[in-house]
Structure formats: C-alpha cells, structure tokens
Amino acid sequence: MTRHIATLLVAALIFTGRVSAHEDFPLPPNTEKDTASAPMPPDEVVRTAKLPPGFKLSVFAAEPDVHNPIAITFDERGRLWVAESYSWAGNGDGGFRPEIRDRILIFEDTDNDGRHDRRTVFWDDARRLTSIEVGNGGVWAICLPNLLFIPDADRDDKPDAAPIVKLDGFDGGSGSHTPANGLKWGPDGWLYARQGIQVTSLIGKPGSSESQRLKFNTGIWRYHPVRGTVEAVMHGMTNSWGFDFDKHGEMFCSNTVIGHLWHVVPGLHTERMYGADPNPYVFDLVKQTADHVHWDTGEVWNDVRKGVTDKTSAAGGGHAHIGLMIYQGDNWPAEYRDKAYTLNLHGRRINCDVLKRDGCTYTATHGEDFCFIQDPWFRGMDLITGPDGGVFIADWSDTGECHDHDGVHRTSGRIYKLTYGEQRKPDRSDLKMSVPLATLKWDWKNPWHYRQLQQVVAKLAANGAYPPNDLIYRDLRSMLQGELAESVRIRLLQYLQVMNCEEDWYFKVALDSKNEFVRLAGLRCLAEAKLRRPFQNPAIAKNPSDLKLLYAHVYLNSLADKDSSGLVLLHVASLLSTLPDVAVRDLAARLCSRSEFADDRLFPHLVWYGIEPLVARDPAWAVALAKQSKLPNITENVARRLALDLEQRGEEVELLLASAVGQNVVHPESIIAGTAKALHGVRRADAPPSWSAAAEKFAKSSNEETRKHVQSLNVIFGEGVAIDELKKLAADASADPQARRQALTALLEGRPEGYAPTLLNLLTDRAVTLEAIRGLAYYDDPQIPNRILNRLRAYGAAERAEAVNTLAARPASAKALLQAVRDGKLAAGEISAFHARQLSDFHDPGIDADLKELWGEVRVSAAEKRTLIDRYKKELTPAVLAKADASAGRAMFNKSCANCHVLYGEGRKIGPDLTGSNRKNLDYLLENVVDPSASVAADFRSVSVTLADGRVLSGVVGEQNERTVTLLTAQEPQVLDRKEIEELTPTGQSLMPDGQLQQMAPDQIRDLIKYLMSTEQAPLKP
C-alpha cells in the first residue's frame, strides 16, 4: 500500500524557507491623525489581558516584523502566512490606494517556543490585498478586482511565475470595508469567500461575458480550483468577516449589525441590512441563528462607538464581529471545544456562542466571553487554530474601525497566540511520506492535521494522481467498512470527495449509516459526484435519465421519505436547485409531506428557494403541490408567485381558490394570504370566479390577518357588497377609530370611483383626517386644494405634512400650494427640498417661477454649489460651531433628514446610514449636503415617476415584480401598480435633492452641522 500512499502525501514536509529582506519594499507612511496616543507595547498587552485560569497569551510576532495583518492562514508545514494590507487607506480617503503595495509573509517557529524566529517575504507586489489561502501548489489571493493564483509548485517560497487571474470582476471601489474577502478551504475542496453589502460584483473568468458571470452582492460565494466554476452559496447579511466549519462539515459565518451568526446552507437567502434580495420571489428571508445580540437592546446598536456601557459589555461588547473559529483543537480544555468564537471589535474580547441542534438547524446561545484585551488600539482581524492546538489572533492595531476617517497607522501590527497550559511541540510526525495510510494516527483531536492532509489530497487529485481503478480506493473502502469513529469516517468521506471519487460503494456505506452526520457526509459526496460534476457536461445535463442522475435521485427520494434527521433533510432541500425539473417535481412533493418540520426556521424556506424557479415554468405542477403541501409557506408562496402574474395565471389562481373553498387543500388560508400579498398595491384586478365564495368563507375566519386579507382583496376585485360595507364603516363616526382607519386604508387601495366627495367631508373628522388627506392625492378634483388648505390651521404637524405631500403631487394643486405660501397660510419651510424637486419635475414655467420666488432655486449650477460650499466653510468656523446647539440640530435632522437617513440608529434607511460616514470632516459634509448628486451609489439614485392619474412622484425603486413597483420616497413607501405608471425616468441624481439648507436660518444650519459632526447622540429638548 505504500506505493499508493506516496501519491497521497507531499514528499517533503520540512522547512525550506529562507529570510528575504526585500529592502526595496517601500513602507507607506502613517496617516493616523491621533498622534497623542500609541498602541500598547505587545508585551504589555499580553501582561494585562484578562484570561480564564490556565490560559496564556503570548506574542508570536509584532512590529516591525509585521504590519496591518488583514488575513492569516497555515500551510501543511505548520507555518503561518500573513497578508499585510498597506493599500487600505481608510474610508475617508477613498478606501484602497492602488498605487500602494501590499505583501504576503511567512512566519515560522522552528524552536517551538511560541514566538516566530524565521520570517520570509513571499510576494511584495500585491495591490488591494484582502485575503490569502495556501493550497493546490501555490498561494491564492484576493487582490481586487481579481482572485489570483500564485504558483509555487517547487515549494521554495518564491513565486514560480507571475500571478494567474482565475476570476475577475470583484467590485473594489464602491465600498471600502465590504469587498470580497475571507478565502478559506472548505472540507469539500471548494475555496470559500465572502462579500459585503456595499458592493456588487460581476464575477467570472477573465474575458467571460456578463451573462456568464455571477452577479453577487452580499453573502458567501465559492470557487472550485479544478473545474474553475464560481457560484453563490448564500445571499444576505450585512458585512461578514469570518466563517468556519464544524467537525461535521457544517458552515457558520459571522456578521455585523443585524445579527452576528448564521448557519450557512447552500441556497440560503437571509435578512439584509438594506436593499432587496437578488431574487424578488424568495419572499421570506431567514433570521440569524443566534438567539441573542451582543449589545444592550435598550440602546441603539451603534451607541457603542462612544463607549461600551456596562449593560452592553455584559451582553457581549457590541455589534461588530470579525473572524470566526469553531474550536476543535486539543490544547484548550474540553469544555471550550465545538463552540463558535468571534472577535468583538468594540468590546475588545472574544465572544463565545454555544451551538445547539434545533430542529433542522442550530441555535446559538451566548456563552461566556473571555480574553479581554486592554489595549485601546486592539483591532482583532481573525483567529485560527494552529498545529499545536493553540489559537493565533491577528491584530490590525489601530484606532477607529472599518468606517475609519482618521487615517491608518501602518507601522503597527501583531500576531498573538492564545494557549492553555505549557507550550508544547506541534505533532506533525504523522505527515510523512513513508507512513502507510492505514497506520496514520486517525485519532487526531486537532483539525489542523485533517485540514492540511486534505489539501495534500486535493493537490494530488488535481494533478490526476487517483485514476479510477487505483488500489487506493480498495484500501479506503476497507477502512470505511471497518470499525471507525464517527469523526474519522466523516474525514475519509471528505477525502474521497476531494479525490473526485465517483464509485457508488462509498455513497451506500455512508447513506446507510445510523449516524446522521455520516449520512450527511455521504450526501455531500453524492451531490458533488453525481449532481454538480455531471452538470458541467451539457449533454448529461439535458438527459435526466442518465444513470448517474437516476442513482442520485433514488437516494435523495429515499432520504426525503424516510430520514429522521432534519439536518439531512435540510441539505436534501438545498440540492433542489441542482436538479433537472423532473427530479425537482418528485423530490419536492416528498419534502413537502414532512409536516413535522413545517415550523422549522430553515427547512420550509430552503424548499421554497429550491422550487421557486419551477413554479413559473410549470404552474400546473405548482398548483398540485400547493394543494397537497403540508408546509403552509409553500402553499402561500405558490399562490403568491402565481397571483403576481394574475392575467396570465388566472386559471391556476382560480384552481387554488376553488380548492380552498372546497377544502381540497391542506392549508387553505395560506392561499388567501399569498394572493393578498401578491396583489398588494394593485388598484384593480378581475376577480377569479371562486372569489365570492372564498370571500364569504374566509371573512369569517378566526384569524385576524386572514380577515384583513379578504378585506383588501374585496376592494381589488371590486366586490360591491364588501366595498359598500367598508364605505359604511369608514364614514361611521360612532365606530371604533382604528377599525375606521383600517377600512379607509383598505378602500383607498382600490381607488373607488367618485369617492373624493366623501373624503372631503371626512377632512373634518379628526379620527380619519390623516387618511382622508392621503387618499385625496389619488383624485383630480378641483375642490381638493382649497378644501385642504382652508383647514390648515386645524391640522396637527402630521396632517400639515401630509397636506403638502398630497398637493405637491399634481400641477394644479401645486399651484394652489405655492399660492398658500404667498398668502401666508403655509411657511415656505414646510415645503421640503424633496417637494421642491418634485414640483420642478412638472417642468411648468409658472410653477418654476413661483417656486424660485417663494422657496428658492431648486437646481443649482456646479459653480454656484462651489460658491455655497466655500461660503459655508467660512461661516462655520470651529468657534461658531462650538457655540451651536447639537440638540436643536438633532431636531432639524429629524425634520429634514431622518425620513431618508439613519444617524445613531434613528431615522429611515432609504439613503446611506450616516453614522459611520466621514461626518467630522466639514469639507466632506458640506460637499455631500450641498451637492449630493456629485457621488451617489446606484442603490440611492432617484427616479421620476409619472402616473396615469396625473401625479408625479420622486423616489428610489425598491422591490419590484411583474405587477407592482415599490417607490421609496422621503415620506413613505408607495406600492404602485405598473399599469398606472406612464413613465419612469431615471434621473441619475441622488434621492437627496439640492437645496437642503436653503430654507434654514443661519443658526439652524449651524446647529444641524454641529449635530451631523457630533460623535455621540445629542439629547432632544423637552
């Protein structure tokens, strides 16, 4: 067997590195503006760290040997590789500076004393370097906009040739702290990585067309180094900077702000901080795995920037998490193993989450935080397990955070090592060419050995070292059929997976196991060999009767029918998107019969994500599935998906409604819910024949939401009796006010003809005045402007604001609105800059003249904007701002800015969150306020929408589908029926209009600017 093992292990696992000075590497200067402080000396950091008994923190490397370590990894020789990022210049300085070079270093500890004693520069000509990984005969690096492979086949720690661009198209300019990052090998042989929410990439092989590329915003992606394919793994979150795999191969990732931990399953769509999921039909997004957050929920999440309160410290230290490690080593005590650990940026500690099985997935509960670092400059970037079971921690060592605007301290950086007990020599004795596979020490407790051996196997497999009839498979089969621990069996299956084994025997051995995690490992092998690889061949992909596919389908169907493990079923569901339609139909029906998992947090969603594309292609099958499904979300989402295209899919929607009435469906009320959600915002639609019977039946439902859905659908479908009842309730002054408001809101979704007189009469009814004013916007009645304006004095602030919204939407009422300003009935300041731009979009010379006279110039030339900026800079001196009132500025922000922007956790997320922006820089602030369209991200560019009823609206397009477009406006989101849209014109401008400061007095501008430049929340005056 030794001959076969010679192909399994690398021939020389000895030190071959050499010191490389690279004296020509120019170290960029520090740009850190805080010159009064400095990072704590490394030895002092170690001395003052607060650790559990028995733990020890030591310095593995520090400046000047390492600076700005942005990523770390190990090779099979136990050497630490470090990516140094000098090109990151801070968010306030444009993010990355491509003219500055980054580099990759190798650190060795040859005498095993816990501190490096050999340092090698591998490559010092990187640009925009965010991540590295070692394997498959070289080094992998993300150097934006590319994924590079730097060959080093002879392992002499010198690149054999120029870097090879494997993928390009990564966005490196839109967001400075959220680009592609985090390369790490998965147990399946894929190279995994992440990307944050502020960038959208078009990832593909160099030279590939846009249609051949993966359009990717935020989440997890992966690349196969042999097949050269790239694919999305998970969509969602905010900004992930850490993930790891547990001992069973399950993946977990960390995140910031909206949740800190997710269980990653291929095909998952999770909650996002903002923006829309790339698939508008996923409908429901998955919440985080953790059952807690790491800050006091009585505080705003970003309050931590002004200091960690005792309550937030007790909760975990704050919202920002970097790195993730599921500890599986043999150095830390047993009670620390198999838990998830992440570095908490503001809390300067390690958070611990305890992973517990929960149905088909996991729940993470809050464990005890530890390793508290006292150095204010500590900025942990990653933590990984080393060859001796100790944990290595990369420290960027700087002030600020990812939103840094105070420069970068490039001359500091550290690598710490966290161990328990006495330092020991790493055990690498088994990784030798002369040791037969059968005699390897398979009881390794440290995953470092398994993971490094796997990379050796992957490299050899890529070079064709395992022909199909090689005797190595006989030996591995013998081992798998023997007495092995669960963990060893799983590792062997993972090795077979990266060896590209397609033999049926090892799937059967695994899938017939009584252990769910062994079955899961076999399922992954089955999927890789029988589903993903065959589909690389178009001929096989078009032939669903191919024997390989049939073999896989038999096993998948058997698992769907009989497997008791929710986790196994979850991964079966995740494979739906890899199957041909004929297999999806069969497998989905089996999965939808598993009622015991109907309320699971992940399983029903994964089933829907997998079948959704087929619903539109085969609606008849979808109807049959919805009727028999024991998963209510599948029934609801099928109805919703079909009802979105009601004109083309009316027959299928009718079949569903008829089944709901006739009790021929497992979850009938889900059909009502799905139909109502699909038609929200639609003004009028033809009622399916069974609707009257459905309305009569479900209007009596004990479920309040179902009754509301019936109410709104009655309006959309024009059900006369039901509409009359709503009209009667809305006009009944003696009825419950809340019920009246709901009835009026439901009525107005359908824009009932001739209803304007009723709304005009309701202007005097205080219970529904606001809804009446809002509803009048839908009607072009000459009485409306005067009737609204005549009652201005009786309105509260909300009603006055709604009056401006309504009157600003049409040319005729806009003229009356401006006349009210001229007559002194309305202050010019009550017309916001958003309204002013909307009025100017009418392109009416009279309105433009009145607006300029009464309000001011709406669109200012570039030269005039420059003059304004210079004027404000002269006026807003430090002395003037020192006397300003930040509390009054907060009140102005709430009035003028909070409808679109979030600051200190308050406001609406239509435009960018201002909390982390470069607000302390007056130049930056004024340029963005005075000239907001000078630089605007695609997600925040406005459109002008002209409607058939004469209204003109401005906003940003949010969600959209075949029937509706959701317009995010400065007032509130408006769901618009596409049939009512006459013209939708992109403006190329920011949603934020010019002239924001125009209606403000000098002291109001001063106060607002002071508040915007503040570093902590100002109290509101009573």
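## Burial and overall make-up

Of the 1022 residues in the protein chain of this predicted model, 60% count as buried. The chain is built with 33 helices and 33 strands, and, where contacts between residues at least 6 apart in sequence are considered, 65% of them join residues that are at least 24 apart.

## Cysteines

A search of the whole structure for disulfides returns 0.

K247 belongs to the loop that runs between β16 (243-245) and β17 (251-254).

When neighbours within four places in sequence are set aside, the residues in contact with K247 are Q328, D338 and I490. With D338, the side chain of K247 makes a polar contact of 3.3 Å. I490 lies 243 residues from K247 along the chain, yet the C-alpha atoms of K247 and I490 are separated by 8.6 Å.

## The second largest pocket

The second largest pocket holds about 980 Å³ of space. The elements that contribute two or more residues each to the lining of this pocket are the strands β13 (214-216), β15 (230-237) and β19 (268-272), together with the helices α8 (516-532), α11 (566-574), α12 (581-591) and α13 (603-617). The largest share comes from α13, which supplies 7 residues to the lining.

In total, 44 residues line the second largest pocket, and those that lie nearest its centre are V230, E231, A232, S577 and T578. Sorted by class, the lining consists of 21 nonpolar, 14 polar and 9 charged residues.

How values were computed. Residues are numbered from 1 along each chain as its sequence is written. This is a predicted model: local features need pLDDT of at least 70, side-chain atom pairs count only at pLDDT 80 or more; totals for chains, interfaces and linings use all residues. Side-chain values use heavy atoms; hydrogens and water are left out. Helices (H or I, at least four residues) and strands (E, at least two) are DSSP runs, numbered from the N terminus. Contact means heavy atoms within 4.5 Å. A polar contact is a pair of N or O atoms within 3.5 Å; within protein, one must be able to donate a hydrogen and the other to accept it, and residues adjacent in sequence count only if both atoms are side-chain atoms. A disulfide is a pair of cysteine sulfur atoms within 2.5 Å. On a 1 Å grid over the protein atoms alone, a cavity is a set of points where a 1.4 Å probe fits but cannot get out, and a pocket is an open set with protein on both sides within 12 Å along at least five of seven lines; lining residues have an atom within 4 Å of a point. Grid points are joined across faces, edges and corners, and a volume is the space filled by probe spheres set on the points. Ala, Val, Leu, Ile, Met, Phe, Trp, Tyr, Cys and Pro count as nonpolar, Asp, Glu, Lys and Arg as charged, and the others, Gly among them, as polar. Buried means under 20% relative accessible area, exposed over 50%, partly exposed in between (1.4 Å probe, protein chains only).
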